[in-house]
Every structure is written in C-alpha cells, then in structure tokens.
Amino acid sequence: MSWNSAHGAAMIAAAQAHEAFSCPVSDYIDVFGALRQAGVEVMGQELGGLLGLYVAAADGGPAALVNTGLEEVSMRHTAAHELGHHRLGHGTSVDHQEQSSGRWGEGWPQHEKEAEAFAAWFLMPRPAARTALARCGLTRPESPLDVYRMARWLGTPYATTVRHLVRLKMIDRSTEAVWLKHSPGSLKTELAHGLPLGPRAHVHVLTAAAHDATLHVAAGDCLLLDIPSTRYDRLPAGLCTTPQDMAGQMPLADLPAPPEQDRTVWVSEDLATDTTVTATAGSTETFRVRLRRTPRRKGSDEFWT
C-alpha cells in the first residue's frame with residue numbers, strides 16, 4: 001500500500017473517530033479520552049526501544065500499552081497510533097522506535113502506514129491546524145520556528161507536524177525536506193534566546209492572538225510573552241521567573257539572562273492542573289491564557305489520563 005492510499009483511508013477513519021467521540025476538531029485533541037470512550041484499556045510503563053503495543057480483541061483486548069519513557073507529545077502520538085490500529089480493525093501490533101532500518105516509513109507494512117497516517121489526521125485535523133496557526137498570529141507557516149510553535153498548541157511532535165503540513169497543503173515537499181533537517185532542540189533553544197532547557201521542556205511563545213486560549217504545559221516549560229508593552233501580572237503558584245534546575249547542565253548563576261525578565265516565566269512542579277495567567281499593559285489587563293498541566297504519567301499498572 002502506498003502512503004497516499006494509507007492517508008486516504010486514515011483521513012476518513014479519523015474523521016469518523018472525531019464524530020464518534022465528540023472531539024472538538026478545531027482545538028487540542030484529547031487522545032486518551034478518545035481511547036477511553038473507545039473501550040480501549042490503556043496502560044503505561046517504560047518500554048525501552050518500543051513505542052507502544054496494541055492488543056486486539058481476539059488476543060484479550062482491546063488494550064494499548066504506551067512507553068512512559070517518551071515525552072508527552074510522543075506519548076500522545078503513540079496513543080493516537082494505537083487508536084488507529086483499533087479503529088481500522090487491525091490485529092495485535094508491536095510498534096518499535098525504528099520500524100525499518102532505512103529512511104522513515106520505508107518498507108512499513110500496510111497496517112503501520114494506516115495507523116501512522118491515522119495518528120496525524122486524528123491529532124491534526126485541518127481546523128485544529130488552522131487554530132494553532134491563528135494562535136501563533138500566523139496565516140501560514142513560514143519557517144521551522146512557526147511549525148514548532150504550532151506543534152505546541154497541537155500537542156504533536158515537530159517532525160510529524162512538518163510531514164502533515166504537506167498533506168494539509170500548507171507547505172510543499174521541498175520545504176518539508178529542508179525543515180525536517182532542523183531539530184526541535186535547536187528550535188526551542190533559538191526561541192528561548194539560548195537559555196538551556198531540560199530535554200523534555202518546551203518553549204511556548206504567547207502572542208495576543210492566544211488570548212483566552214488553553215495551553216497544555218509540563219514542568220520545565222518556558223512561557224515567552226510576545227506582546228509589546230505587556231508584562232505578566234502577579235504570577236500564580238507554579239510559575240517562576242527563573243528556570244528549574246536543569247540536572248546540572250549549568251549553574252543558575254551562569255545562565256544568560258532572559259531578554260526581558262518580566263516576560264519570561266517557567267513552569268514548576270507546583271503548578272496546579274488548571275491555572276490562569278494574565279498580563280497587563282499599564283494598569284489594564286490585556287491578555288490571559290489558561291494553563292493545563294499534562295498529567296504525570298507514571299506507574300506500570302495504570303496509565304493516568
């Protein structure tokens with residue numbers, strides 16, 4: 001099966017799943033909630049080189065096992081991939097970090113291509129991609145940094161987002177090839193003006209277009225306020241103006257100063273599940289965003305959603 005055929009089948013299956021689970025297709029997709037509604041039991045533990053596992057009904061499922069050693073966006077993509085196996089009627093499948101020894105996607109069997117395409121269409125339907133662009137203050141992605149910022153609103157891996165933008169006809173194949181050469185690590189370092197970040201931390205650039213939106217964040221993430229003449233108000237518990245200890249990467253005293261201290265904050269372990277942060281210009285509140293902290297996905301017996 002070609003990738004075009006896989007995407008054709010997966011796009012329809014993803015749209016049907018959105019409808020079946022009442023997913024808001026113009027916003028961040030709750031894939032774990034969808035799995036729960038689908039009756040798929042989800043568990044998680046560290047799996048080394050495995051991404052996940054789907055167990056079909058014929059083998060005692062439906063169930064999915066997700067590698068909790070992955071970062072959140074990779075776990076979300078893996079979960080969507082396993083949901084794809086379920087919705088497309090596939091048998092039990094073990095998903096490895098290296099599906100083939102060659103180039104990405106080369107030599108994949110039909111069911112893996114379909115599940116991978118399903119994951120992209122399920123997490124990134126066209127309306128959600130447009131919303132992500134709008135919250136970045138953009139109409140089209142013009143650079144790898146734009147895609148990285150979009151992916152933060154979508155909760156998706158950078159490379160997967162770049163590839164899917166071709167399917168959404170927002171970029172062409174030649175642009176895809178160039179942008180895939182950029183690593184998420186280099187992009188987030190550029191956005192954070194060189195400040196060191198934890199390996200799983202992300203940078204979220206907040207523009208005026210994100211007013212009243214909900215942003216999913218994790219401990220260690222950096223929030224950069226990019227609204228002229230605006231500063232964060234009194235910070236709620238769980239947000240701080242200095243980065244968390246980066247596991248000995250660099251002493252805090254040696255860190256470069258953020259370009260504007262009162263417009264750069266970090267998420268700590270103390271952030272409540274749902275928190276609102278506001279910013280003002282002078283004495284007038286002009287911006288607010290709701291922060292939803294991603295759950296701690298720990299334990300080998302249960303997978304908390």
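Helices (H or I, at least four residues) and strands (E, at least two) are DSSP runs, numbered from the N terminus. This is a predicted model, in which local features need pLDDT of at least 70 and side-chain atom pairs count only at pLDDT 80 or more, while totals for chains, interfaces and linings use all residues. Residues are numbered from 1 along each chain as its sequence is written, and side-chain values use heavy atoms, with hydrogens and water left out.

**Stop 1: helix H8**

Select residues 173–179, which make up helix H8. Arginine 173 and glutamate 176 sit three residues apart there, so about one helical turn separates them. The two form a salt bridge, with the closest N and O atoms 3.1 Å apart. The term means a side-chain nitrogen of Lys or Arg within 4 Å of a carboxyl oxygen of Asp or Glu. By this rule the count comes to seven salt bridges.

Now colour by accessibility. Buried means under 20% relative accessible area, exposed over 50%, and partly exposed in between (1.4 Å probe, protein chains only). Arginine 173 is partly exposed at 48%. Glutamate 176 is buried at 10%.

**Stop 2: helix H6**

Move to residues 144–154, helix H6. Aspartate 146 and arginine 149 both lie in H6, three residues apart, about one turn of the helix. They form a salt bridge, and their closest N and O atoms are 4.0 Å apart. Both residues are buried.

Next, show tyrosine 148 and arginine 152. Arginine 152 lies over the face of tyrosine 148, at 4.6 Å from the ring centre. The criterion for a charge over a ring is NZ of Lys or CZ of Arg within 6 Å of the ring centre and within 35 degrees of the ring normal. For another case, select arginine 76 with tyrosine 28: the arginine lies over the ring face, at 4.0 Å from the centre.

**Stop 3: a salt bridge across the sequence**

Which residue does aspartate 212 pair with in a salt bridge whose closest N and O atoms are 3.7 Å apart? Select arginine 290. This pair links distant parts of the chain, 78 residues apart. Aspartate 212 is in the loop between strand E5 (203–206) and strand E6 (214–217), and arginine 290 is in strand E12 (residues 284–293). Aspartate 212 is partly exposed, at 31% relative accessible area. Arginine 290 is also partly exposed, at 36%.

**Stop 4: strand E5**

Stay with E5 and show its side chains. Both faces are covered. Val203 and Val205 are on one side, His204 and Leu206 on the other, and all are buried. Two strands pair if DSSP finds at least two bridges between them. Pick valine 203: its bridge partner in E7 is cysteine 222.

**Stop 5: the four-stranded sheet**

Switch to cartoon view. An open sheet of four strands has the order E1-E3-E2-E4, with mixed pairing. Its edge strands are E1 (41–45) and E4 (93–96), each pairing on one side only. From one strand to the next, the twist averages 15 degrees. Axes are lines fitted to C-alpha atoms, for helices over the stretch in contact, and angles run from 0 to 180 degrees between N-to-C directions.

Select E3 (residues 63–67) beside E1; the two pair in the parallel sense over five bridges. Methionine 43 has leucine 65 in E3 as its bridge partner. Then bring in helix H3 (residues 72–87). H3 lies across E2 (50–55), E3 and E4, and runs at about 25 degrees to E2. Contact here means heavy atoms within 4.5 Å.

**Stop 6: aromatic pairs**

How many aromatic pairs does the structure hold? There are two. Rings of Phe, Tyr and Trp (its six-membered ring) pair if their centres lie within 6.5 Å; planes under 30 degrees apart count as stacked, over 60 as edge-to-face and the rest as tilted.

Select tryptophan 3 and tryptophan 108. Their ring centres are 5.6 Å apart and their planes are at 55 degrees, so the pair is tilted. Tryptophan 3 lies in helix H1 (residues 3–20) and tryptophan 108 in the loop between E4 and helix H4 (110–123), so the pair ties together parts 105 residues apart in sequence. Tryptophan 3 is buried at 18% relative accessible area, and tryptophan 108 counts as buried at 9%.

Finish with phenylalanine 118 and phenylalanine 122. This aromatic pair is stacked, 5.5 Å centre to centre with 10 degrees between the planes. Both residues lie in H4, four residues apart, about one turn of the helix. Phenylalanine 118 counts as buried at 0% relative accessibility, and phenylalanine 122 counts as buried at 0%.
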